[in-house]
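User: Please take me through the charged pairs and the strand pairing here. Keep it brisk.

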Amino acid sequence: ADVEHIDYQAALDALPHVFVPDPDTPRLDGLMSAWVEITGPLRRPAEWEVAAQMDISGLKEAAKQQEPIFLKGSFKYKPVNKEGQTREIIVGKENPVFVPIAELPNHVPRSVTTSEDGAFFTHNGFDFEEIKNSFLADAESGRAMRGGSTISQQLAKNLYLTSSEKTIARKVREAFVTVALEASLPKNRILEIYLNIIEWGPNLYGIGEAAKHYFNKDARRLTAKEAAYLATVIPNPV
């Protein structure tokens, strides 16, 4: 499959309503290209080889021209837990437990990317090899067993997809939001937002709250061992 020079916003506007993400997702009028090639015996998916590439450089240029820049400053986030309860979190310096990524020890973000998304700094939002492995694990078990989402995809889901449904339509919405995040924000900003909003326990959100809850200390003073422990909590925080 090969798609060359497609206008992101035109593609989004052409979708049926069920595939369209939250209207707060940024409008991007630039061009993007992508291709994916899958080879192997049809009846033996474990032997498939996947090669893929996505070019969003045109979108990144378009994102630079928009004002205000998407998620550059502080914003409000309202997570919803499994009981349907919510609270408002300020993602920014106005929140005393917000921690800029530049103030965290290097082993904190490194522990999280190693655990959740080893290729985070080299992909454009999607790890196609992990997607293949996730598909194979799910197909073998007959149910959703393995997550193949990158940190960018997880952030897209947390910020703009409130439903927990596991459908193709939801994955399409997630993919478009992921592209918008990757085109609009530098990697460190994506990771900074992710670390400050994800759930680390019941009603416990962000690295600042997690460090205080588990170790009674500021996140800026987390040791490598403590950071590794927190990274293991992320897949199943509740």
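Questions and answers on these topics follow.

Analyst: This is a predicted model: local features need pLDDT of at least 70, side-chain atom pairs count only at pLDDT 80 or more, and totals for chains, interfaces and linings use all residues. Residues are numbered from 1 along each chain as its sequence is written, and side-chain values use heavy atoms, without hydrogens and water.

User: How many salt bridges does a search of the whole structure find?

Analyst: A salt bridge puts a side-chain nitrogen of Lys or Arg within 4 Å of a carboxyl oxygen of Asp or Glu. One network of them links Lys76, Lys78 and Glu88. The search of the whole structure gives 12.

User: Is glutamate 174 buried or exposed?

Analyst: Glutamate 174 meets lysine 171 in a salt bridge (3.4 Å, N to O). Buried means under 20% relative accessible area, exposed over 50%, partly exposed in between (1.4 Å probe, protein chains only). Lysine 171 is partly exposed at 44%. At 2%, glutamate 174 is buried.

User: Which residue forms a salt bridge with arginine 189?

Analyst: Helices (H or I, at least four residues) and strands (E, at least two) are DSSP runs, numbered from the N terminus. The closest N and O atoms are 2.6 Å apart, and the partner is glutamate 192.

User: Which residue in strand 2 stands opposite valine 3?

Analyst: Two strands pair if DSSP finds at least two bridges between them. Strand 1 and strand 2 (residues 31-39) run antiparallel, joined by 4 bridges. Opposite valine 3 stands alanine 34.
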